[in-house]
Amino acid sequence: MLASHNKGKLAEFRVLLADSGIEIVSAAELSLPEPEETADSFEGNAAIKALAAARATGLPALSDDSGFCVSALEGRPGVYSARWAGPGGDMQVAMQRVHDEMNDAADRSASFVAVLCVAWPDGVTRYAEGRCEGAVCWPPRGAHGHGYDPIFIPEGDCRSFAELSAEEKNATSHRGRALARFLETCVAPDGD
């Protein structure tokens with residue numbers, strides 16, 4: 001199960017796992033409450049979500065904690081990326097805040113980071129991390145994706161994540177890279 005209520009993440013995971021034989025049911029579909037993310041790291045928040053879902057359902061649970069890290073803002077919003085959208089989850093507000101706080105910074109570099117945690121009901125956890133480097137663009141561009149995608153251009157491209165097709169984004173995204181590591185190291189890592 002996917003320990004997430006985020007529809008954008010759920011859609012990405014379903015596409016990313018389509019060929020793996022792993023079927024996803026989300027925490028929202030199971031009416032599980034969203035645990036409060038109180039950790040100050042991606043790993044900590046991913047573990048909070050995965051462990052809560054695994055203990056509530058008795059099933060292994062996969063969670064993702066990810067964020068947008070802007071060099072000129074000393075890595076912010078980072079682990080607090082969702083909170084920058086305010087109580088209503090308005091990503092326009094979050095993107096505008098990044099733009100406003102960057103002001104005229106010459107350093108436009110940024111990265112997306114994703115940490116996946118798979119947890120079992122007995123408390124055992126395993127992690128996989130993915131990172132995608134790039135730059136902040138302004139104004140926002142594109143109509144695909146979710147979150148900060150319209151203001152992020154991945155290295156080696158001139159389009160924002162929101163201008164890429166789902167297949168193009170997943171091939172290089174932080175979440176795609178984290179999931180590839182997860183499948184290599186956390187799913188039957190001993191060859192069983």
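Predicted model: local features only at pLDDT ≥ 70, side-chain atom pairs only at ≥ 80, totals over all residues.

Reader: What makes the rings of F68 and Y148 a stacked pair?

Author: Rings of Phe, Tyr and Trp (its six-membered ring) pair if their centres lie within 6.5 Å; planes under 30 degrees apart count as stacked, over 60 as edge-to-face and the rest as tilted. For F68 and Y148 the centres are 5.0 Å apart and the planes at 20°, so the pair is stacked. F68 lies in strand β1 and Y148 in the loop between β3 and β4 (152–154), so the pair ties together parts that are 80 residues apart in sequence. Helices (H or I, at least four residues) and strands (E, at least two) are DSSP runs, numbered from the N terminus.

Reader: Why are F112 and F161 called stacked?

Author: Their ring centres are 5.6 Å apart and their planes lie at 10°, so this pair is stacked. F112 lies in strand β2 and F161 in the loop between β4 and α4 (166–172), so parts 49 residues apart in sequence are tied together.

Reader: How do you know whether F112 is buried or exposed?

Author: Buried means under 20% relative accessible area, exposed over 50%, partly exposed in between (1.4 Å probe, protein chains only). F112 has a relative accessible area of 6%, so F112 is buried. F161 has 1%, so F161 is buried.

Reader: Which residues form one aromatic cluster?

Author: F68, F112, Y148, F152 and F161 form it. The whole structure holds 6 aromatic pairs.

Reader: Why does H174 count as buried?

Author: Its relative accessibility is 2%, so H174 counts as buried. H174 sits in helix α5 (residues 174–185). Contact means heavy atoms within 4.5 Å. Leaving aside neighbours within four places in sequence, H174 is in contact with residues including F112 and F161.

Reader: Which residues does the "binding site" annotation cover?

Author: The UniProt annotation, from an unreviewed entry, covers E36 and D65. Although spread over 30 residues of sequence, they cluster in space, with a largest C-alpha distance of 12.5 Å. Such annotations may be inferred rather than shown by experiment.

Reader: What makes E36 exposed?

Author: E36 has a relative accessible area of 64%, so E36 is exposed. E36 is in the loop between α1 and α2.

Reader: What makes D65 count as buried?

Author: D65 is at 3% relative accessibility, so D65 counts as buried. D65 is found in strand β1. Residues that D65 touches include F42, N45, A46 and K49.

Reader: What joins the side chains of D65 and K49?

Author: A polar contact of 3.2 Å joins them. A polar contact is a pair of N or O atoms within 3.5 Å; within protein, one must be able to donate a hydrogen and the other to accept it, and residues adjacent in sequence count only if both atoms are side-chain atoms.

Reader: What covers the buried residues of α2?

Author: The cover includes α1 (7–16), β1 (61–70), β2 (109–119) and β3 (125–136). Among the buried residues of α2 are F42, N45, A46 and K49.

Definitions and conventions
Residues numbered from 1 in each chain as written. Heavy atoms only, no water.
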